[in-house]
Amino acid sequence: MSSLFAHHALLPQGWTGNVRLHWNEGGDLSQVEQDAVLQAHENQAQFVVPGMTNLHSHAFQRAMAGMTEMAGEGKDSFWTWRDLMYRYALHITPEQIQAIAAQLYAECLRHGYTAVCEFHYLHRDHDGSFYVRPAEMAERVIAAAEQTGMGISMLPVLYSYADFGEQALRHDQRRFSTNVAEIMQLIEALEGKRNAQVEVGVAPHSLRAASISQIRELVTALPAARPIHIHIAEQQKEVDACIAYSGKRPVELLLDSELVNERWCLVHATHLNKAEVQGIATSGAVAGICTTTEGNLGDGFFDLPDYIAAGGRFGVGSDSHVSQSPVEELRWLEYGQRLRLQGRNIASVTGQRKVGDFLYQAALQGGAQASGRKLGQLTTGYRADMVVLDDAHPNLAGVASTDVLNTWIFSGNDNLVRDVYVGGRKLVVQGKHIHQAEVNSAYKNCMNILRAL
């Protein structure tokens, strides 16, 4: 058994002083000892918080960051970006996706993410055929998580159609093509990978790419309690197309299926009416908000105040990985609302008026729920996923524990994460990942090849 003494630990009830966190060989917290007394030569830290779950990731897109920021001849949008992404995705090999994912996960760990939900749709070889091992691309991403120590919920993506009305996939979507039977085969192939660090769920890509009847079949076949994620209502064009096809808005159409419950994460959900906001909140599903990607792609603003007022659950993800920091996602989630509403301190509720505290703790809960794993709180039986903040940094000088989250999220751009534990393993030490040099080297070699294409 191992332990860490926290002078200040963020427990479910709030900041608590003098806490000793114990964990077992399996990486689960076995005891949370309050009113503890520091012992000589004991491992200790000033500020310890639960690690954040990154609830939406397309790992291969990390390799594209910064490469699509050039205006075209016409108006640029999500849809023009998507065409560039498709062309990039056609080149990536299994070896390269592992190198890219390892780089991403090491970066995410250094910024305080300790788990990821990988929305994985790059299944097939370049010519559109399956690999000899059909789940090889997913296995490579899981291997990257294992290499870096990142906890992962692997979500093989059902991607059957190009648009509403079961339109045939485009040629540049050939690597994504799957039907329900193929997705279930992939899930079965990944069963042996499941352990305390790895869960396997599923992700219908969107209502554009999977029909309601397919989704119903998939949910029926999926083992109970596994997480289910879906892109939805990210773009106004998608909403308009859904209405033209079905007479209903995307979230309305999905909610009317009566499939959505606490297992679900509705990613983006950017364009909602009042009934849809209430409907998601009532369903118990998690809204997966990816602020930096939504800003990068020009998606729009999530209706955060009404969703909070309805009791909705949410978490954050880095999606296309133009950022790898939960702090940036949370900061711009709040700042976006301030710009939209021309006000301040939007994300708060009665009983928690500190915006940073509300955002961080709500995202911990939502992210954990979306992962299907026991994460997001320093409680016995949960994973020993812990972030130690750098109390020696000037930004935290003299800061009371009750002001730490506000300071961390809203004060400067330096990374204040010092150490990170995942399942009790210390993976980040003094701001550096323990395998950072080898991960960086493999990534640079990979990118030298991809950028030469």
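**Cavities and a helix pair**

Mentor: Start with the lining of the second largest cavity: Q61, M64, A65, G66, T68, E69, W81, N296, S320 and V322. A cavity is a set of points, on a 1 Å grid over the protein atoms alone, where a 1.4 Å probe fits but cannot get out, and lining residues have an atom within 4 Å of a point. This is a predicted model, where local features need pLDDT of at least 70, side-chain atom pairs count only at pLDDT 80 or more, and totals for chains, interfaces and linings use all residues. Residues are numbered from 1 along each chain as its sequence is written, and side-chain values use heavy atoms, with hydrogens and water left out.

Trainee: OK, and how much space lies in the second largest cavity?
Mentor: About 70 Å³, where a volume is the space filled by probe spheres set on the grid points, joined across faces, edges and corners.

Trainee: What about the largest cavity, how much space is in there?
Mentor: About 160 Å³. It has 18 lining residues, and H58, F78, W81, H231 and E234 are the closest to its centre.

Trainee: Which helix gives the largest share of that lining?
Mentor: α1, with 5 residues. Helices here are DSSP runs (H or I, at least four residues), numbered from the N terminus.

Trainee: Switching topic: at what angle do α2 and α14 cross?
Mentor: Roughly 135°, with the axes, lines fitted to C-alpha atoms over the stretch in contact, coming within 9 Å. That makes α2 oblique to α14, since angles under 35 degrees count as roughly parallel, over 145 as roughly antiparallel, 65 to 115 as roughly perpendicular and the rest as oblique.

How values were computed: On a 1 Å grid over the protein atoms alone, a cavity is a set of points where a 1.4 Å probe fits but cannot get out, and a pocket is an open set with protein on both sides within 12 Å along at least five of seven lines; lining residues have an atom within 4 Å of a point. Helices (H or I, at least four residues) and strands (E, at least two) are DSSP runs, numbered from the N terminus. Axes are lines fitted to C-alpha atoms, for helices over the stretch in contact, and angles run from 0 to 180 degrees between N-to-C directions.
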